Structure formats: C-alpha cells, structure tokens
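Work through the exercises below with the sequence and the structure open. Try each task before reading its solution.

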Amino acid sequence: MNYKIEGAIRRNRKNFIIFAILWIIIAIVFVPSITNSIYTAGIDGKFDLMIFIETFGASITNPFGALGNIFKNGVTGDYISHLLVTTIFFSVFFFIGFVRSAPKNEYTDIEHGSSDWSQRGEQYRILSKNKGIILAQDNYLPVDKRGNVNVLVVGRFRFW
C-alpha cells in the first residue's frame with residue numbers, strides 16, 4: 001500500500017504547487033467577490049439577483065476592494081465560512097484526482113529490461129553504447145565483437 005502513496009506523490013509534485021497557487025487565487029479573487037456580492041444583494045432583507053450580478057462583476061475586477069469591503073462591513077465570518085466550503089469542495093476534487101493517479105500495482109513505471117545490473121559504465125566493456133543489437137536503452141550488443149554474440153529474445157513476436 002505504501003508504494004501507492006509514494007507513487008501518487010511522485011506523480012503529483014507539480015500538481016501540489018498548482019493546487020496551492022489556484023487555491024490562493026480562489027481565496028483572493030473568487031470567494032471575496034461572492035461574499036461581497038451576497039452581502040450587498042441581501043442588505044434590504046431580501047436577495048436581489050440583479051444587484052448580485054452587478055456587484056459580482058465589479059468585485060471580480062477589483063478583488064482587493066471586495067476584500068476591503070468584507071472587512072469594512074463586518075462580514076468576515078461569512079467570508080471564512082465561504083472560504084471553508086470552497087476549500088473543502090476544491091480539496092475533494094484534488095483528492096479524487098490524487099487517488100486516481102496512484103499506481104495500480106507495485107511495478108507501474110518500472111522499465112522492463114533495464115541495465116541496472118551494472119554501474120559506472122562497466123557494461124560498456126562488453127556492450128556498445130551506440131550501435132548493434134538493442135538490449136535495453138543505451139545498451140547494444142555489438143555485432144563486430146569477437147566471441148559469442150548469440151542473443152536470446154524473450155517475449156512475443158507478432159506480425160499480420
């Protein structure tokens with residue numbers, strides 16, 4: 001189970017940063033505009049949709065003014081509750097994407113036929129780095145080498 005969490009974290013490093021930046025933009029631009037518009041549209045005791053739309057259009061173009069109006073009018077509690085609901089909604093979608101990006105099994109994203117059996121270039125005493133029969137990435141069996149150059153191919157060969 002641990003490989004799933006590690007694999008999902010490895011795959012989503014960039015997405016964590018994008019999530020944080022997008023959440024900050026939503027917290028500064030979208031949520032204050034909504035909160036300020038709801039407060040302004042409901043001042044008379046009933047909700048007026050036309051005032052909401054006009055105020056939202058003005059607030060979205062001036063988000064810091066909308067944030068200032070929130071603190072000036074004393075609706076900070078409404079702003080925090082709207083921000084909490086938006087954060088929970090946003091986090092649920094991010095968590096669903098995070099879970100769906102987890103590897104399906106322990107061997108996901110592992111190269112089959114890697115050259116990890118040698119280190120620091122010792123395979124190039126036997127193999128070629130440039131040309132020959134392909135064994136793995138950057139590993140070729142040279143055909144002009146002295147001695148046995150037989151190759152056993154394991155796998156399927158399909159043609160039609």
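**Exercise 1.** What percentage of the 160 residues of the protein chain count as buried?

*Solution.* The model is predicted: local features need pLDDT of at least 70, side-chain atom pairs count only at pLDDT 80 or more, and totals for chains, interfaces and linings use all residues. Residues are numbered from 1 along each chain as its sequence is written, and side-chain values use heavy atoms, with hydrogens and water left out.
Step 1: buried means under 20% relative accessible area, exposed over 50%, and partly exposed in between, with a 1.4 Å probe and protein chains only.
Step 2: by that rule, 22% of the 160 residues are buried.

**Exercise 2.** Which order do the elements of the protein chain follow from the N terminus on?

*Solution.* Step 1: helices (H or I, at least four residues) and strands (E, at least two) are DSSP runs, numbered from the N terminus.
Step 2: the protein chain has 5 helices and 2 strands.
Step 3: their order is α-α-α-α-α-β-β.

**Exercise 3.** Find the buried residues of helix α4 and state where they lie around its axis.

*Solution.* Step 1: α4 spans residues 63-73, and its buried residues are P63, A66, L67 and I70.
Step 2: these residues sit on the same side of α4, because they cover an arc of only 100° around the axis; the arc is that of the directions from the helix axis to the C-beta atoms.
Step 3: a general rule applies here: an α-helix has 3.6 residues a turn, so residues three or four places apart point the same way.
Step 4: the cover over the buried residues of α4 includes α2 (13-41), α3 (49-61) and α5 (76-100).
Step 5: on the face turned away from the buried side, α4 carries the exposed residues F64 and K72.
Step 6: after α4 comes G74, with a positive phi near 80°.

**Exercise 4.** Describe how α2 and α3 meet.

*Solution.* Step 1: the two axes come within 8 Å and cross at roughly 145°. Axes are lines fitted to C-alpha atoms, for helices over the stretch in contact, and angles run from 0 to 180 degrees between N-to-C directions.
Step 2: contact means heavy atoms within 4.5 Å. Residues making the contact include V29, F30 and I34 of α2, and I51, F52 and F56 of α3.

**Exercise 5.** Is I51 buried or partly exposed, and which residues does I51 touch?

*Solution.* Step 1: I51 belongs to helix α3.
Step 2: I51 is partly exposed, because its relative accessibility is 29%.
Step 3: leaving out residues up to four places away in sequence, I51 touches T40 and A41.
Step 4: the C-alpha atoms of I51 and A41 are separated by 5.2 Å, and the two residues are 10 residues apart along the chain.
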